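I opened my notebook beside the viewer and worked through the questions below. Have the sequence to hand while you read along.

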Amino acid sequence: MRGRGKKNRMTAQQKEKEAARKNRDTVLLMLSTAFLAGGIAGYLLEGKLSAAPYISGFLGQAAQTTLAPSLWRELWTVFRWPAAAVLLSLLPLAALTLPTLFFLRGFFLSYGIVAMMEGLGGTGVLWAGIVFGPTCLLAVPAFFVLGTTGLLGKADRQGMGKKLLGRALAALPVLLVCAFLDRMVAPKLLHILLKGLAEGG
């Protein structure tokens, strides 16, 4: 009898883990779909709206200085999306607002990348890699972790507040590294690239 009870408890735990995994996969799929839909919309819209003034201003700024941009501006640029994901997770209607946030993130990221690639010709891929690389490799995964945790917390509130806080704290060093790269490394690389293109031309 003891063996059977232990087996039943293990089965119940396995069912709970399986249900939690399915819920996580469902939430991740929903947010990924919203992000991808935003990316597609950004790509399509960029073809209809000219980003030439933005690209010209960007090139002029990169050519003039290698100085790091304002710390507060850079922190705002990196932290605004993850912070918004945490904040919306704590508010009502997160099941609606979080997918919308992911759609917008995908939209603006895609629009910026495509505009830079098309506006700068053959070197656009390199430019986009320098400008958006840290964001895509570091900040976006952290954004997904926080959004997924927050949306799961709406379905199961027990312990999710602490889990969201813990993951937000774990994401903090990653986002700080991203801000450091964007502020200290990217401007210098862009200046070197622009200088090399000017000398080559």
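I began with F35, which counts as buried because its relative accessibility is 18%; buried means under 20% relative accessible area, exposed over 50% and partly exposed in between, with a 1.4 Å probe and protein chains only. Before going on, I noted that this is a predicted model, in which local features need pLDDT of at least 70, side-chain atom pairs count only at pLDDT 80 or more, and totals for chains, interfaces and linings use all residues. I also noted that residues are numbered from 1 along each chain as its sequence is written, and that side-chain values use heavy atoms, with hydrogens and water left out.

How many aromatic pairs does a search of the whole structure find? I got eight. For F35 and F144, the ring centres are 5.3 Å apart and the planes meet at 70°, so I logged the pair as edge-to-face. The rule I used pairs rings of Phe, Tyr and Trp (its six-membered ring) if their centres lie within 6.5 Å; planes under 30 degrees apart are stacked, over 60 edge-to-face and the rest tilted. F35 sits in helix α1 (residues 2-46) and F144 in helix α5 (residues 124-155), so this pair ties together parts 109 residues apart in sequence. F144 is buried too, at 15% relative accessibility.

Next I looked at F107 and Y111, whose ring centres are 6.3 Å apart with planes at 20°, so that pair is stacked. They are four residues apart in helix α4, which means about one helical turn separates them. An α-helix has 3.6 residues a turn, so residues three or four places apart point the same way. F107 is buried at 15% relative accessibility, while Y111 is partly exposed at 21%. I then found one aromatic cluster made up of F35, W81, F102, F107, F108, Y111, F143 and F144.

**The helices**

I counted six helices and zero strands, in the order α-α-α-α-α-α along the sequence. Helices (H or I, at least four residues) and strands (E, at least two) are DSSP runs, numbered from the N terminus.

Does the length of α4 fit what its residue count predicts, or what span do its ends give? The 26 residues of α4 (residues 94-119) should span 38 Å at 1.5 Å a residue, and the end C-alpha atoms are 37 Å apart, which agrees. The expected span is 1.5 Å times one less than the number of residues. Just after α4, I saw G121 with a positive phi of about 65°.

Helix α3 (residues 71-89) packs on α4 at about 170°, with the axes 9 Å apart. That makes the two roughly antiparallel, a label for angles over 145 degrees. At this meeting, α3 brings W81, A84, A85, L88 and S89, and α4 brings A94, T97, L98, L101, L104, R105 and F108.

**C178 and the totals**

Is C178 buried or exposed? At 0% relative accessibility, it counts as buried. C178 is in helix α6 (residues 160-200), and it touches V78, P134, T135, L138 and A139, leaving aside residues up to four places away in sequence. Touching means contact, that is, heavy atoms within 4.5 Å.

Last, I took the totals: 35% of the 201 residues count as buried. Residues 24 or more positions apart make up 81% of the contacts with a separation of 6 or more.

Definitions and conventions: Axes are lines fitted to C-alpha atoms, for helices over the stretch in contact, and angles run from 0 to 180 degrees between N-to-C directions. Angles under 35 degrees count as roughly parallel, over 145 as roughly antiparallel, 65 to 115 as roughly perpendicular and the rest as oblique.
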